[in-house]
Amino acid sequence: ACGALSRAIDAVARVSGECTVPALVSGDAATRAASAAAKQTLQRALDRAWARRDLYEAIARAPPISAPSPPPTTTPAASPLGDDAEAPAAPSAAYVRQKLLGLFEARGVALDDAARRDAAAAALADV
């Protein structure tokens, strides 16, 4: 579940630029307006997704992911200082799960009291 959701988030991130950048750079007013509308629609869809308690609960109760052995944990990276710095490893499944849950929790979805969840969602809507 976490992997599929993570891949979906990545896909949204990739195409969102294609939809929203014209609002900033296009010389055509109609294109800017359509792009701005697309950005608002995308943001509302993401807000609705991150407000879904059922998704949060499904990810929270999912059994640990058993992944194949990971590749080496670090890879050499070019350092501007010329030292032997290493790049961080790719995120583990547990890390991805933790970050996904955090996106929901930041929006108050994990709160047990429905009134508090609604208040958190309303506060975010005003931002």
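This is a predicted model: local features need pLDDT of at least 70, side-chain atom pairs count only at pLDDT 80 or more; totals for chains, interfaces and linings use all residues.
Local features were considered only at pLDDT of at least 70 and side-chain atom pairs only at pLDDT 80 or more, whereas totals for chains, interfaces and linings use all residues. Residues are numbered from 1 along each chain as its sequence is written, and side-chain values rest on heavy atoms, with hydrogens and water left out.

The protein contains 6 helices and 2 strands; these are DSSP runs numbered from the N terminus, with helices (H or I) of at least four residues and strands (E) of at least two. Read from the N terminus, the order of elements is α-α-α-α-β-β-α-α. Of the 127 residues, 13% are buried, where buried denotes under 20% relative accessible area, exposed over 50%, and partly exposed the range in between (1.4 Å probe, protein chains only). Among contacts (heavy atoms within 4.5 Å) between residues at least 6 apart in sequence, 58% join residues at least 24 apart.

The largest nonpolar core comprises 7 residues, namely Trp50, Tyr56, Ile59, Leu100, Leu101, Phe104 and Val109. Such a core is a set of buried Ala, Val, Leu, Ile, Met, Phe, Trp, Tyr and Cys residues joined through side-chain atoms within 4.5 Å. At least two residues of this core come from each of helix H4 (53–61) and helix H5 (93–105), and H5 provides the largest share, 3 residues. Beyond four places in sequence, Phe104 touches Leu5, Ala49, Trp50, Arg52, Leu55, Tyr56, Ile59 and Val109.

The structure holds 2 aromatic pairs. Rings of Phe, Tyr and Trp (its six-membered ring) pair if their centres lie within 6.5 Å; planes under 30 degrees apart are stacked, over 60 edge-to-face, and the rest tilted. Both Trp50 and Phe104 are buried, and together with Tyr56 they form one aromatic cluster.

On the surface, Val21, Leu24 and Val25 form a nonpolar patch with about 320 Å² of accessible area together. Patches consist of residues with over 30% relative accessible area and no salt bridge, like charges being joined within 9 Å and nonpolar side chains (Val, Leu, Ile, Met, Phe, Trp, Tyr) within 5 Å; a salt bridge places a side-chain nitrogen of Lys or Arg within 4 Å of a carboxyl oxygen of Asp or Glu. Leu24 belongs to helix H2 (residues 22–25) and is exposed, with a relative accessible area of 72%.

Terms used
Accessible areas come from the Shrake-Rupley method with a 1.4 Å probe; for residues, only the protein chains shown count as cover.
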